[in-house]
Structures are given as C-alpha cells and as structure tokens.
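Here is a short report on a metal site, a charged patch and some salt bridges. Please read it alongside the sequence and the model.

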Amino acid sequence: MADKAEIIRMLNDDLTGEVEATLVYMHSHFVVTAHCPTQMEMFDIALDEMRHIEWLAEAIVELGGEPELTPRKVRYAASDPVAANRRGVELEKEAIEQYNAHIAAIADPKIQRLLAHIRDEEVDHLEEFEELLEEAEGPDDRKPTVGDLSGQSKAGE
Ligand SMILES: [Fe+2]
Ligand SMILES: [Fe+2]
C-alpha cells in the first residue's frame, strides 16, 4: 500500500487531471455555440470539476502536501459539439480508470471514500457526455431556412 508521499503524489495526479478537465470544459462552454445543451452542460460539469479540485487540494494539504495546480498539457476540443463531447467522454473514462486505480492503492478509508465519491460523479459525467454525443451525432432534422433555400447565410453568420 502507498505511503504518505505516494498518496500525496497520486492525489496531485488526480488534481492536475481535474484542472485539465475544468479548462477543457470551460473552453468548450465558450466555443461550442452550435448546440445549446452541450454548451450549458459543459459549464455545469466544469463547476463539478472545480469542486473536485477543492476536495483534492484540501486532502493534500491535510496530509502536509502542496497542491499542484499546474495542468497537464491541455488538449482542447474543436468547437463542434461532436468533438467537444468526444473529448469529454475521453477525459471522464481516463479519470474513472485513474480513480479506481488510486482507490485500490490507498488504504486510508477517508481518502478512499473521497475518491469513490468523485469517481461516481465522473461516471455521471460520462453518461451525460455519451447522451449529448449521441444527440449531437444524430440525424440533421433541422428545418431549412429561407437563407438555406436562397443560398444566403442567416444574419450574423
Ligand atoms: Fe472531476
Ligand atoms: Fe468529470
């Protein structure tokens, strides 16, 4: 089982993943303007990730460690909703896998409970992104506009 220094290192790994997820989802919230549900959900999930940052940083400080807030090399998603939700699915799957590994490696029941709680929220996020991805990938049933029919773009585009 991991000693205190190893636990701090694992929690910091989790923390940098949360910082990356927060930045990626905030970015998607700003740039994905073509699909309103994705844009809204990105903001809500980014807020959850910020809470995870808070909980992990508190646990690290409690163990005598220093929270590392420098993100990994951040890979943002493109501005289309399919790409944004695919990136969300990818980040959540990575996070779930990492939390499961850390829950198995850390014996401290309080930290295990914290990581399991965060992991369960990542499972919810994964489901949200998978649903949004399906919706964004779905058939284009948008009604044609006058602009489409006349070959002109709508005002403001
Ligand atoms: Fe998270
Ligand atoms: Fe998440």
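Predicted model: local features only at pLDDT ≥ 70, side-chain atom pairs only at ≥ 80, totals over all residues.

Donors here are N, O and S atoms within 2.8 Å of the metal (3.2 Å for Na, K and Ca); water is not among the atoms, so sites may look incomplete. Glu49 lies in helix α2 and Glu122 in helix α4, so the pair ties together parts that are 73 residues apart in sequence. Helices are DSSP runs (H or I, at least four residues), numbered from the N terminus.

Glu49 also coordinates the iron ion (ligand 1), and the two ions are 3.8 Å apart. The protein donors of the iron ion (ligand 1) are Glu18 (OE), Glu18 (OE), Glu49 (OE), His52 (ND1) and Glu122 (OE), again 2.0 to 2.3 Å away. Their spacing reads E-x30-E-x2-H-x69-E. Glu49 and His52 sit about one helical turn apart, because 3 residues separate them in helix α2 (residues 36–62). Glu49 is buried at 1% relative accessible area, and His52 is buried at 0%. Buried means under 20%, exposed over 50%, partly exposed in between (1.4 Å probe, protein chains only). Glu122 is buried as well.

The structure holds 8 salt bridges. Each pairs a side-chain nitrogen of Lys or Arg with a carboxyl oxygen of Asp or Glu within 4 Å.

Asp120 is partly exposed, at 40% relative accessibility. Shared partners join Glu20, Arg75, Arg87 and Glu90 into one salt-bridge network. Arg87 is buried at 6%, whereas Glu90 is partly exposed at 34%. These two lie 3 residues apart in helix α3 (residues 81–105), so about one helical turn separates them. Arg51 and Asp48 are likewise 3 residues apart, in helix α2. Arg51 is partly exposed at 38%; Asp48 is buried at 18%.

Residues are numbered from 1 along each chain as its sequence is written, with chains lettered from A and ligands numbered from 1 in the order in which they are written. Local features need pLDDT of at least 70, side-chain atom pairs count only at pLDDT 80 or more, and totals for chains, interfaces and linings use all residues, while side-chain values use heavy atoms, leaving out hydrogens and water.
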